[in-house]
Amino acid sequence: MVDEGTRKTLSNIQLLKTKAGPRDKELWVERLKEEYQSLIKYVQNNKEQDNDWFRLDSNKEGTRWFGKCWYIHDLLKYEFDVEFGIPVTYPSTAPEIALPELDGKTAKMYRGGKICLSDHFKPLWARNVPKFGIGHAMALGLGPWLAVEIPDLIAKGVITYKEKTG
Amino acid sequence: MADWEEVKRLAADFQKVQLSSTTQRLSERNCIEIITWLVDKKLLDLIFTSDGKEYLTPNKLVNEIRGELYDSGGRINLVELSKVIGVDLAHINSHIHEVLKGNKDIQLVLGQLIDTSYIMRIAGEINEKLAQQGQINVSDLTLQYDLPAEFLQQQVLEKNLGKLIFGQQDPNEPRIFFTESFIARSKAKIRGSLSGITKPTPVASILSQIDISDKLFFSLFDQTVMYGTLTSRMAGAQYIPNVYARSQNEWVNNFYKQNSYIEFDALTRLGISDYKSYIKKQLANDDILFLNSCVVSKNIPDRIEADIDECISSKSYVDLQSTLPSVFNTTDIQLILDKVLTSPKQQQTIIIDSFVVSKAFVEKLSSDCMELVKEKANATVESGKYQQYQIELQASHTRTHKSDDVEEKVDKREERRKKPQAVKVEEVLKSSKSGNKNVDNDDIDVPEKKTVLKIVTADDIRDIIGIPLEEEGIEDLIEPITDYLLPKLNEQGLELAANIYAATVADKTATRRQTHNELQNKLNALISDVRLFEKGIKLLSAELQLQLIKYLLKTLCTDIVTEILNYLSAEQNSTVITDNFTNDQRVKFVNDLPAEYKSSLLILVKSLSGQSIDDFMSAAEGGLTACSMIIKKIDKKKDRLIILNHKHQLLEQLNTCEDLTLVLHLATLVIFTTATQCMIHASGKHVSALLSFLKQYLTEEQYSELTSYHDFVTLMLSGGSEAESAKEKLKEKVSTVKNIANEFKKPGAEKL
């Protein structure tokens, strides 16, 4: 199960209604609208709670998503690129979020930089189709993964802090 | 395609949201840590709320306090404040001065914050109330507003007086405020009530009528029109209307002018309690005299004085009770008399209760009594009461003065001893008299006084003076005048008695002297008789001599002794009469006599029981010298005269004698005397023996006549059956016997 913080975060993310994938044409548009609304709300909440931790953008059709995510450890901000595509079977299948930078640096990652989500994620997602959307995937998938893996990776020296310029 | 447009728009919105800045946010824990750190470092001054969840800066607290104060309408309790703000009371207290410092409108009163707006508000309220009630008391306000009186007084009332509160402060009682109209109303009430009152009324009852507090009344009283006066400024004062006072004064003046006096009771009845000062004020111009129950003008004492003068000159009396107004009590009269009676007048008058009696009047009454007093005095002396009284007086006097007078007494006694008897009596009297005087002069307080002899009784005097006094109609005076006269009359009576007694004593002394001489003569006569009788006895036979001597001692000699003893008894002021004493009693009596008499008289008394006349004679001589008497020398010529006298006496007796036996006895004695020229003293027993002795001098016939007569006498005296016939016979013979005695002549003389 997810921790308390995540659960709280989750409750703040709007649930979706439309069950449609990228191939569903009209309905997908509908679904995409809901996704955006949900994400806006989520980001607003995060900002309000001083808990902003990612930036996302999508292609025109909303089938591919890319952006950045970051984690603050010991007063240092570690930033990573993030990307994922919407599967054809979405929303029954959860999107596979990937951090290409960290590919091969950790065991908790599939080939191509896709993160290994916890055992609980898939059943949870399955139970909440079509209510869960991208925001949920970020909050329940990537967020906890970062919180566990990054400090470990920093400690192992796999990741080092890069002074960000500009 | 519109949908896609919308998607685009949403995507744009999403980007915008993501690009917007994030709020910087610290967790609660961090905040607490930061703040504690700051507070520790004293970089920050914060106040914790009482629940510990919030912090306040002091400025915030001050602002909060001000805000709350404003919210609660300008007045708030600090405790309440701490509850509302949620800060500990200690913080409030420590910051309260900051609140006050910055703002002069706010004050702290009894743990409450009060600002000017509140004060203004309550001032407005108070003004309304004042307008309604007319007057307002600070103490009532303290109850209403629960604020200290001083604060209300100074901060609320006095500050706003004339601005917000329209009224006046009571000048006498700064805690009371009132409005002009109220004052005017009260004044009107007071004026109305006071002008309506016509008699003295307690202020309390006035106040209860007009419903005004006494303080207000007293403060307004002076400002109202003066219709009268107040007795005092106290709650129990009385209001006396001028009308009343005026009429009172008029009444008093009129009464005084008419009657020349005013009694205090009348003044008290009029309601003047302090009558003395009132009178002094009211009758200041008059010459007045304060008495016990009233005040009088000079007139009354003058009149009384005149009355008394008249009473003295007319020798009568004045009843002051009737001449003075009836209200005067005895003390008043006494006071007036003290004033009026000058000492010369006092000497001429006697004051009995309310009567002034002139001395002359009493004198007259007393002279009425004098007759009785004289009588009584005489009676007392005659009855011997006076003497007894003198003796008692002397006794008590000697008792009390024993120690003082012992020497004197001894001296006197010695003197007395030296002096002749007659003088002694006087001496005793004198000393007793002087003793009496001593008692009077020296020992006034000694109880002897009580024993003063009563010559006249109160009843006697009362009876005498009662009649004239009752005629005058002043029976009341009987008792006091009696009391007054009694001691005086008694004294006079005593004096009279003393005079009478002195007179009688003088008489007695004279008679005593006489009796002394008489006794001396008598004793001398008796002694010479005895001597002569002895001479006669010596003519007789020895046996008869002895009998006759015994008889003589028993009779005549005993008489002599008795006389002497009686005399001595009288000398000793004893009343013992020794006439019937036996020999033993005589001895006892003599033993009790003073030593100077005792020895010689003892011999005398003993000689009575002896058998010798000579012994008796010498003893008698001794006895008489002891009694300061002289035995006269034997005078032969006188003896003859005595014998002759004796004979004549005997003959006279004989001739007048009717007793048959005594005739013989006397005849025998006559014959004996004639025959022997000697006297004989013999009893009837000795008649026969004497007859036989006389036989030689008598004729045969005479002798037989006498013997037969003697026989009949013995027969008669034996009382047998023949007594009566013997008596007859004797009667026949009496004249014969008498003749024999009368005609008997001494044979020798015949012969001559």
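**Reading chain B step by step**

Mentor: Let us start with a pair of strands: β16 (residues 349–352) of chain B pairs with β17(B) in the antiparallel sense, over 4 bridges. Two strands count as paired if DSSP finds at least two bridges between them. Before we go on, this is a predicted model, in which local features need pLDDT of at least 70, side-chain atom pairs count only at pLDDT 80 or more, and totals for chains, interfaces and linings use all residues. Residues are numbered from 1 along each chain as its sequence is written, while chains are lettered from A and ligands numbered from 1 in the order in which they are written.

Trainee: Which residue is the bridge partner of B:Ile352 in β17(B)?

Mentor: Strands of a sheet pair through backbone hydrogen bonds, either parallel or antiparallel. Here B:Ile352 has B:Phe355 as its bridge partner. Strand β15 (residues 317–319) of chain B also pairs with β17(B), antiparallel over 3 bridges, and there B:Asp319 stands opposite B:Phe355.

Trainee: What covers the faces of β17(B), and which residues lie on each side?

Mentor: In a regular strand the side chains alternate between the two faces of the sheet. In β17 (residues 355–358) of chain B, B:Phe355 and B:Val357 lie on one side, B:Val356 and B:Ser358 on the other, and all are buried. A residue is buried if 20 or more other C-beta atoms, placed from the backbone, lie within 10 Å of its own. Of the 752 residues of chain B, 27% count as buried.

Trainee: How many helices and strands does chain B have?

Mentor: Helices (H or I, at least four residues) and strands (E, at least two) are DSSP runs, numbered from the N terminus. Chain B has 33 helices and 17 strands.

Trainee: What is the strand order in the open sheet of 3 strands?

Mentor: In chain B the order is β3-β5-β4, with antiparallel pairing. The edges are β3 (75–77) and β4 (106–109), each with a single partner strand, so one side of each has no neighbour in the sheet. Strands β4(B) and β5 (residues 112–115) of chain B are joined by 4 bridges, and B:Val109 has B:Gln112 as its bridge partner in β5(B). Helix α4 (residues 78–85) of chain B packs on this sheet and touches β3 and β5 of chain B.

Trainee: How do I read two helices that pack together?

Mentor: Look at the angle between their axes, which are lines fitted to C-alpha atoms over the stretch in contact; angles run from 0 to 180 degrees between N-to-C directions. Helix α26 (residues 595–608) and helix α27 (residues 613–626) of chain B have axes that come within 8 Å and cross at roughly 155 degrees. They are therefore roughly antiparallel, a term for angles over 145 degrees. Among the residues making this contact are B:Tyr597 and B:Leu601 of α26(B) and B:Phe616 and B:Ala619 of α27(B). Residues are in contact if their C-beta atoms, placed from the backbone, lie within 7 Å.

Trainee: At what angle do α28(B) and α29(B) pack?

Mentor: Helix α28 (residues 636–656) and helix α29 (residues 660–676) of chain B pack at about 155 degrees, with their axes 9 Å apart. That makes α28(B) roughly antiparallel to α29(B). Residues of α28(B) that meet α29(B) include B:Ile643 and B:Leu650.

Trainee: How many residues does each chain give to the contact between chains A and B?

Mentor: Chain B gives 16 residues and chain A gives 18 residues.

Technical notes: Two residues are in contact if their C-beta atoms, placed from the backbone, lie within 7 Å. Angles under 35 degrees count as roughly parallel, over 145 as roughly antiparallel, 65 to 115 as roughly perpendicular and the rest as oblique. A residue is buried if 20 or more other C-beta atoms lie within 10 Å of its own, exposed if 12 or fewer, and partly exposed in between; C-beta atoms are placed from the backbone.
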